Amino acid sequence: MNSQQSKPFCRFVRNFLGVAALAGLAVGTGAAPASAADDGPLSYVALGDSMASGPLIPDITGPVACGRSTHNYPHELAARLGASLRDVTCSGAASKHMTEKQSLSLLDIPMGAADPQFDALRPDTDLVTLTIGGNDAGLVGIAQKCTTLDPNATPCKDKYTEGGVDQVAQRIAEFAPKLGTVLDGIHQRSPHARVIVTGYGLYIKPGGCWPLQPVLPVDADFLQGSVDRMNTAIAEQSAAHGAEYIDLATPSKGHDACQAPSDKWIEGYVPTALAAPLHPNRNGEANYAALIGAHVQGS
């Protein structure tokens, strides 16, 4: 993660870390995994970015700059499955960080580097989950640039589709083959593992909810449409490279950032729970784990 990529997350931490501290924040397809009764607990490796790591959800585990929570979906899923977890998810991670070190920073202060996430994979790994792509396409940064409290403002969609070219769609198209390479790399390193790839959730309902979430209706649809496009690319690459895709957007209907705090799985631009802006909260991570767990245990 270069300095430009790290700035959005650093801003999130700067705004909410103090609040979190007051609340007690601690600083081919693989074969189906063996059951705990056969060979002990499942060996489970979680790979991915901040949607999987759960930044600012209490409690922190691992490198602070990775924003990895003990209540992210990997930890919740491991508890459901009785699995032995190696969680290497990290905020800011992109597809290249599966095989390359990821430079870390917090409040613009260098915080070392995270090892390549693939280092956690073993030949005897039973289960792998992966959530990746958002940082390759820069989706959070784009969403931040689309905010406005002026109902007559020029939609930011115009900037990203200037000349009839959807720049975000181009980024997603460029990411797609990278995901295929990542999936092939997982199979090579953990040939017997069941590989589960998640999409991203429903961030904002059709038409949005301006000014509660300060994006114009046309931009709300453009932003979620870009997330949906990313999900389609993830699903297609998963099918083509021997992985199982989990749709998290459809079950998220009624739980987007426009909803009441008790109903939201995703926080908006100003969180109402301890979680990073534009990221899942604890309720969202728990529900993602339930959806993934039901898929794993039902097939």
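Hi everyone. Before we start, one term: contact here means heavy atoms within 4.5 Å. Helices (H or I, at least four residues) and strands (E, at least two) are DSSP runs, numbered from the N terminus.

What you see above is a predicted model, where local features need pLDDT of at least 70, side-chain atom pairs count only at pLDDT 80 or more, and totals for chains, interfaces and linings use all residues. Residues are numbered from 1 along each chain as its sequence is written, and side-chain values use heavy atoms, with hydrogens and water left out.

Let's begin with the sheet. It is open, with five strands in the order S2-S1-S5-S6-S7 and parallel pairing; two strands pair if DSSP finds at least two bridges between them. At the edges sit S2 (84–87) and S7 (244–246), each pairing on one side only. On average, neighbouring strands are turned by 20 degrees against each other, direction ignored.

Now please find strand S5. S1 (residues 43–48) pairs with S5 in the parallel sense over five bridges, and leucine 47 stands opposite leucine 130 in S5. S5 (residues 127–131) also pairs with S6 (residues 194–198), again in the parallel sense, over four bridges. Here leucine 130 stands opposite valine 197, while threonine 129 has isoleucine 196 as its bridge partner.

How many of the five residues of S5 are buried? Five of five, where buried means under 20% relative accessible area, exposed over 50% and partly exposed in between, with a 1.4 Å probe and protein chains only. Leu127, Thr129 and Thr131 point one way, and Val128 and Leu130 the other.

On to the helices. Helix H10 (residues 282–298) lies across S6 and S7, at about 150 degrees to S6. Axes are lines fitted to C-alpha atoms, for helices over the stretch in contact, and angles run from 0 to 180 degrees between N-to-C directions.

H10 also meets helix H4 (residues 73–81): their axes come within 8 Å and cross at roughly 45 degrees. H4 and H10 are therefore oblique to each other; angles under 35 degrees count as roughly parallel, over 145 as roughly antiparallel, 65 to 115 as roughly perpendicular and the rest as oblique.

Which residues of H4 meet H10? They are Tyr73, Glu76, Leu77, Arg80 and Leu81, and their counterparts in H10 include Tyr288, Ile292 and Val296.
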